[in-house]
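User: I would like to go through this model with you. Could you take my questions as they come?

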Amino acid sequence: MASHSDTLVVFFGATAGANGGKLGSDERELILLVWQIVDLHENKVGKLQRTLVQPDSADLSEQCKEETGLTAEELCKAEPLESVLQQFYQSVSAELKSLGRSSYTLCVDGPLLIRQVLHPGASKKNLVLPECFYTFVDLKKEFQKCCPNAGPARDLTLTSMLDYVCIPAAVEQEAGMREVKNMVLLILHLLAEPYNHKFSTFETVNYKFESGACSKTEAVDSETVIRARGLPWQSSDQDIARFFKGLNIAKGGVALCLNAQGRRNGEALVRFINSEHRDMALERHKHHMGNRYIEVYKATGEEFLKIAGGTSNEVAQFLSKENQVIIRMRGLPFTASPQDVLGFLGPESPVTDGTEGLLFVKYPDGRPTGDAFVLFACEEYAQNALKKHKQILGKRYIELFRSTAAEVQQVLNRYMSTPLISTLPPPPPQMVSVPVLATSPFITTGSTRDCIRLRGLPYTAAIEDILEFMGEHTIDIKPHGVHMVLNQQGRPSGDAFIQMKSADRAFMVAQKCHKKMMKDRYVEVFQCSTEEMSFVLMGGTLNRSGLSPPPCKLPCLSPPTYAAFPATPGMLPTEAAFYQPPLLATPRTPQAPAHNPAPALAYYSPQLYMNMNMNMNMNYTTYYPSPPVSPSTVSYFAAPPGSVAAAVAAQPAPSILPPQPGALVRMQGVPYNAGVKDILSFFQGYQLQADSVLLLYNWSGQRSGEALVTFPSEKAARQAVAECSNLPLSGHPIRLACCE
């Protein structure tokens, strides 16, 4: 609709809750509408109209009852919002026709009624508002233009504006009608001498959110950005724009936040066109999206650019096609080609520009990550694609989600970022020695998964409780292999790491003790490597999707109790001691030369030592391990290095698996909802017992899709593999193999 300044419809409303400057902040429904037409060309005023609106809940606040004088009984007899809006439209159209006018613009006392009440309320009820509600005149801003000394527009009220121009307020008993009469008085006063004001500035409400790309070099005002928290994980940018309906979001201004594993974490950064809209967005704190309330906080432009900004020309070209619906595909086979993806989506979901509408996410070395983004020209094509969620491509099921331009940038930034230190730097000529204990908290790292992680320990748990929890498996712990993890305040964090004698012993402990109870709490037990343990102790994360390095790659210095020995003059550094393994992006196990069994001293260059001290407070998630302890001593005093070496050397070589009767068969492809009874039914006829089945779990305690089954003899195991391989279990083909 074209906006004209010769006819205004003065418009006022009230809700069942807060009104005035807090209108719409409590998410309460509209209950009252009042309007009156003003012909600006002839300075004529139309009939004053007032109507009640029936809310879904007639529970009125005390403030509402006092200001409006309405009762729940009156509202129960009113028409619903949809009927009232239709009545408004018909009434105004008929009156305009009698005046010889064809179009009009709403005039309101501030933007809250339109932006914070009508648009959000209609959106929740799935109502389509007439076009006239997308353009309006803000009387406060128009008055401030005529009277700039009256103060900021946001601080003006009807009373203060009338007092400023010395106009007596209208005397009217009914709420709503009084406010509309006062607004009409102000409009007529501004039209007359000496102002002769022309109403030519119109505020607009965006019809829809426009997606787009954002460059890291773009300037983003921190006064325009908010952080929304508590979003459903499947929310799209359009869902978030709908939550903020009535407020104008900048193009490409919704950035969904991802966690360290590339999954949405329920947060988003939203950028509005100006600070006024940002301030109104903050008033929607704890408003609801479905059944969830959403928290809204201030954020900065730097935070927004960190999430949404990008520098890749490939991404910029991919996102240059406007008004496209973006779908993210996850779990693609690494060998999948563009033609494979197009064939998977099918003709009912044509991709924009064919292969040009596909963007495969890759590591810096060109290896595929299994993720891709796809462009569709319309919502219908995107919906058809989403119907293929968890369908099979090759031998893998594919996940499909709605995505955003900001998520494309964020995922590409994450995968394409280079490590802080990619290779071991050459040792500088001048070194400074930093002495540490031989049993340093910086564990010598390796990829062998001979450790376990305990998560969810009671904060009162001691070493004795952990040993009791592990029961018979205590004998498989390495000397000084128990590491309690403390937080920065020196208190237990609920985590512990335990070094086992072999990867097989660690595997069995993780399977047997996972979710076992300790002091009324179940404890999660994951198998991990010393490399992963070292990264977690340095502030990284280890969960269902793998390992994420610490936010700060340089290690935070340990508590001073670890630096117990003074430096000894004349001691030569070994090659392995120049840099601690956690300093590397990909830690490796150092090998000390056999000819120089140097003491356990770590050496750092002067610059590196200074950097470590400067970065002590950067790593906001740093954990501190307690001194390692041994099950045999249950003590916080480290044994001398010689006794440790002797104890390790005395241990017998571990077997591949603990002695068990019969033969083992490994099942792969087991459905995540399949239980022991389902597996026993799968092997019906082999006379297996329930304790013959061991379901396997991954690092995060989730079912891994594998199981171990013990058969009474090797012959029975081989027969089961031959007869049951590739047979379906709940629709999934099962792969079987004998374990040597």
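User: What are the ground rules here?

Analyst: This is a predicted model, in which local features need pLDDT of at least 70 and side-chain atom pairs count only at pLDDT 80 or more, while totals for chains, interfaces and linings use all residues. Residues are numbered from 1 along each chain as its sequence is written, and side-chain values use heavy atoms, with hydrogens and water left out.

User: How many helices and strands does the chain have?

Analyst: The chain has 21 helices and 35 strands; these are DSSP runs numbered from the N terminus, helices being H or I of at least four residues and strands E of at least two.

User: And what percentage of the residues count as buried?

Analyst: Of the 740 residues, 49% count as buried. Buried means under 20% relative accessible area, exposed over 50%, and partly exposed in between, with a 1.4 Å probe and protein chains only.

User: Which residues touch the most other members of the largest nonpolar core?

Analyst: They are I31, L139, F143, L186, I187 and F199, in a core of 38 residues. A nonpolar core is a set of buried Ala, Val, Leu, Ile, Met, Phe, Trp, Tyr and Cys residues joined through side-chain atoms within 4.5 Å.

User: Which elements give two or more residues to this core?

Analyst: They are β1 (7-15), β2 (30-39), α5 (139-146), α6 (158-164) and α7 (177-191). The largest share, 8 residues, comes from α7. Apart from this core lies another, of 29 residues, including I37, L81, L85 and L127.

User: What does L139 touch?

Analyst: Not counting residues up to four places away in sequence, L139 touches C107, V108, M183, L186, I187, L190 and F199. Contact means heavy atoms within 4.5 Å.

User: New topic: is R271 buried or exposed?

Analyst: R271 counts as buried because its relative accessibility is 14%. R271 lies in strand β11 (residues 264-272). Leaving aside neighbours within four places in sequence, its contacts include E218, T224, I249 and F304.

User: And N149, buried or exposed?

Analyst: N149 has 69% relative accessibility and therefore counts as exposed. N149 lies in the loop between α5 and α6. The C-alpha atoms of N149 and Y164 are separated by 9.6 Å, the two being 15 residues apart along the chain.

User: Last one: where is I392?

Analyst: I392 is in strand β18 (residues 391-393). With 54% relative accessibility, I392 counts as exposed.
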